[in-house]
Amino acid sequence: MKQIVVPTDFSPCADTAIDFAVQSAKLIPAEITLLHSFEVSGNTYTDYMGVNKEFNRSMLSDAHEKLTVIQKRIENAEGPVVHTVVSTDTLKDAIKHTAKEKNADLVVMGTLGASGIKEKLWGSRTAALIGNTDVPVMIIPHAYQWQKPEKLLLVTNHFEKEPAILNCLFELAGLYMARIQVAVFTHEHADHAVTFLEHNRELPHYEEYLKRNYNEETLTSAHLYGTNFQETVQQFINENSIDILAMVAYPHHFGDSLFHPSHTKRMSYHTSIPLLVIPAVKNQDA
């Protein structure tokens with residue numbers, strides 16, 4: 001993991017994500033690319049009159065200046081190497097193009113703040129990325145304060161064995177020198193009794209598979225069950241001092257509705273710790 005892209009709208013919500021990326025980059029180490037995007041607006045008449053051209057030129061200049069200030073502040077504090085990019089694409093396209101150009105391993109973004117329309121809008125744009133990027137996205141809650149991750153929790157009902165998914169998780173845990181826990185969830189009302197039994201039977205085998213293939217003897221697993229997915233997972237996080245929650249974003253037509261992008265987005269609004277969203281491998285979409 002060498003390259004981290006951090007989109008920012010210069011709000012406190014985005015600043016929290018920048019701090020997480022900087023602290024992580026010191027440990028890994030990695031380079032950071034700060035990205036700001038805004039869509040150029042206008043119409044034929046105002047462009048002809050030069051009004052929008054001047055406005056857009058001013059916005060571009062202002063964004064470059066703000067990014068440069070952040071860049072110098074980070075590098076002067078003996079932080080990692082920082083690059084800056086200003087884009088006139090949509091946020092989604094800007095992230096896609098920048099991640100590809102920089103060969104990014106991770107995108108780090110802030111999510112909903114407790115107050116302020118700007119933070120809420122930015123949080124919504126963060127959630128919109130879930131399931132729409134080929135690069136893992138680390139979502140940082142607005143009120144989060146950095147601490148070195150010691151425990152990562154992967155919640156999945158698919159007993160992941162795809163290397164592209166698991167390698168991301170175990171590599172990140174290795175860079176942080178953090179332990180991994182794996183959990184499956186059974187809904188007390190929506191799932192049949194046979195589902196509970198299948199999860200119970202499969203989980204020990206899955207734990208052994210991960211220990212054997214990733215040389216993680218400290219890995220543990222847990223079977224969660226309840227009537228509310230978000231509340232059950234959050235309770236487990238609180239009780240077990242989990243530092244990062246990891247989930248895989250599957251397309252809407254993929255089996256288990258609990259792991260559709262919409263539910264992962266909902267988790268991004270409720271989690272009190274960073275949420276790592278790993279995109280499902282394309283050949284699993286069928």
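The model is predicted, so local features are taken at pLDDT of at least 70 and side-chain atom pairs at pLDDT 80 or more, while totals for chains, interfaces and linings use all residues. Residues are numbered from 1 along each chain as its sequence is written, and side-chain values use heavy atoms, with hydrogens and water left out.

Begin with the backbone. The peptide bond from Ile-28 to Pro-29 is cis, and its omega is near -15°. Pro-29 sits in the loop that links α1 (12-27) and β2 (31-37). The names of such elements come from DSSP runs: helices are H or I runs of at least four residues, strands are E runs of at least two, and the numbering starts at the N terminus.

Two other loops hold a residue with positive phi. Met-177, which is not glycine, has phi near 60°, and its place is the loop between α6 (163-176) and β7 (179-187). Asn-215, also a residue other than glycine, has phi near 50°; the loop that contains Asn-215 runs between α7 (193-214) and β8 (220-226). Met-177 is exposed, at a relative accessible area of 64%, and Asn-215 is exposed at 65%. Here exposed means over 50% relative accessible area, buried means under 20%, and partly exposed lies in between (1.4 Å probe, protein chains only).

Now turn to strand β9, residues 244-249. Six of its six residues are buried, so the strand is largely enclosed by the rest of the structure. Ile-244, Ala-246 and Val-248 point one way from β9, whereas Leu-245, Met-247 and Ala-249 point the other way.

Strand β9 has paired strands, where pairing requires that DSSP finds at least two bridges between two strands. With β6 (residues 151-155), β9 pairs in the parallel sense over three bridges; Leu-152 has Ile-244 of β9 as its bridge partner. Strand β10 (residues 275-279) also runs parallel to β9, and five bridges join them. In that pair, Met-247 stands opposite Val-277 of β10.

The last stop is Thr-186 in strand β7. Thr-186 counts as buried because its relative accessibility is 3%. What is Thr-186 in contact with, leaving aside its neighbours within four places in sequence? The residues are Asp-191, Phe-196, His-199, His-223, Leu-224, Tyr-225 and Gly-226. Contact here means heavy atoms within 4.5 Å.
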